[in-house]
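Take a walk through this structure, one contact type at a time. Keep the sequence at hand as you read.

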Amino acid sequence: YEYDDTLKARVYSDSALIFAKRSKSLSLIARAYQFKGWYFQNTSDFKSALECFTTSLNDFTTAKHKQGIADAYGNLGNIYLDMKDFATSLDYQLKSLEQNEAILSSKITKKERKWALEGKTCALSNIASIYGELDLLDKALEYERRSLGAEIEANNELGIGISYSAIASIYKSLNNVDSAEFYFRKGIKIYKDLKHISGLSK
């Protein structure tokens, strides 16, 4: 319900936090604060979202939950981007990237690897978005290409399509029409194969 019904999203995120606190598991409590943060972010209550994401980071850190810490850094980076604090946003996204790469370089399960790879691609794409907001398009392209590489490594077809579209948009901003068309077409092919209508409409 995160994007479709904010009222239900609020109810379920509140309920998740209540039950997480009953469990006394810091990791569950931290994840519940993450959910609440997403709700506040999607309703543009950035101050409350920031409070939730900060609490989430603190609890994941105390619990020594490495992936949770990486995710919390990314969430904080996203909320600071929404608040147009680009320097702080970039700092948190770089921390998220570093944490995910550290996880990937350690001995982990297949599920943990999938989660960390997803976190890495998100961090790289978010860093590209920050550089795009700052009109540093060459840096944006560099990080979006790295995100594409991580999506290919993860074999995430939808993620690959999204990266192609993002790269195309950067080339469009750079007035490189041929490259923009090339990557838009690659993205369109994947969206068609996946029957991803919203991707095609963009």
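Predicted model: local features only at pLDDT ≥ 70, side-chain atom pairs only at ≥ 80, totals over all residues.

Residues are numbered from 1 along each chain as its sequence is written, and side-chain values use heavy atoms, with hydrogens and water left out.

Start with charge. Side chains of opposite charge can pair when their charged atoms come close. The structure holds ten salt bridges (a side-chain nitrogen of Lys or Arg within 4 Å of a carboxyl oxygen of Asp or Glu). One of them joins R10 to D14, with the closest N and O atoms 3.1 Å apart. Both residues lie in helix α1, residues 6-23. They are four residues apart, about one turn of the helix. Helices here are DSSP runs (H or I, at least four residues), and strands are E runs of at least two, numbered from the N terminus.

How exposed is each partner? R10 is partly exposed, with a relative accessible area of 30%. D14 is also partly exposed, at 24% relative accessibility. The scale is simple: buried means under 20% relative accessible area, exposed means over 50%, and partly exposed lies in between (1.4 Å probe, protein chains only).

D14 has another partner. The side chain of K36 meets D14 in a salt bridge of 2.5 Å, N to O. This pair links distant parts of the chain: K36 sits in helix α2 (residues 26-42) and D14 in helix α1, 22 residues apart. K36 is buried, with a relative accessible area of 9%.

Another bridge runs between R146 and E101, where the closest N and O atoms are 3.7 Å apart. Here too the pair links distant parts of the chain. R146 is in helix α7 (residues 137-154), E101 is in helix α5 (residues 86-104), and 45 residues separate them. R146 is partly exposed at 34% relative accessible area. E101 is partly exposed at 32%. As for shared partners, salt bridges join R10, D14 and K36 into one network.

Now turn to empty space. Rolling a probe the size of a water molecule over the atoms shows where empty space is left. The largest pocket holds about 1200 Å³ of space. On a 1 Å grid over the protein atoms alone, a pocket is an open set of points with protein on both sides within 12 Å along at least five of seven lines, whereas a cavity is a set where a 1.4 Å probe fits but cannot get out; lining residues have an atom within 4 Å of a point. Grid points are joined across faces, edges and corners, and the volume is the space filled by probe spheres set on the points.

By class, the lining has eleven nonpolar, 17 polar and ten charged residues. Ala, Val, Leu, Ile, Met, Phe, Trp, Tyr, Cys and Pro count as nonpolar, Asp, Glu, Lys and Arg as charged, and the others, Gly among them, as polar.

Next come the rings. The structure holds nine aromatic pairs. One of them, Y171 with Y183, is stacked: 5.8 Å centre to centre, 15° between the planes. Y171 lies in helix α8 and Y183 in helix α9 (residues 177-194), so the pair ties together parts that are twelve residues apart in sequence. Both Y171 and Y183 are buried. Rings of Phe, Tyr and Trp (its six-membered ring) pair if their centres lie within 6.5 Å; planes under 30 degrees apart are stacked, over 60 edge-to-face, the rest tilted. The charged end of R22 sits over the ring of F19, 5.0 Å from its centre (NZ of Lys or CZ of Arg within 6 Å of the ring centre and within 35 degrees of the ring normal).

Finish in the loops. S44, in the loop between α2 and α3 (46-63), has a positive phi of about 65° although it is not a glycine. S44 is exposed, at 51% relative accessible area.
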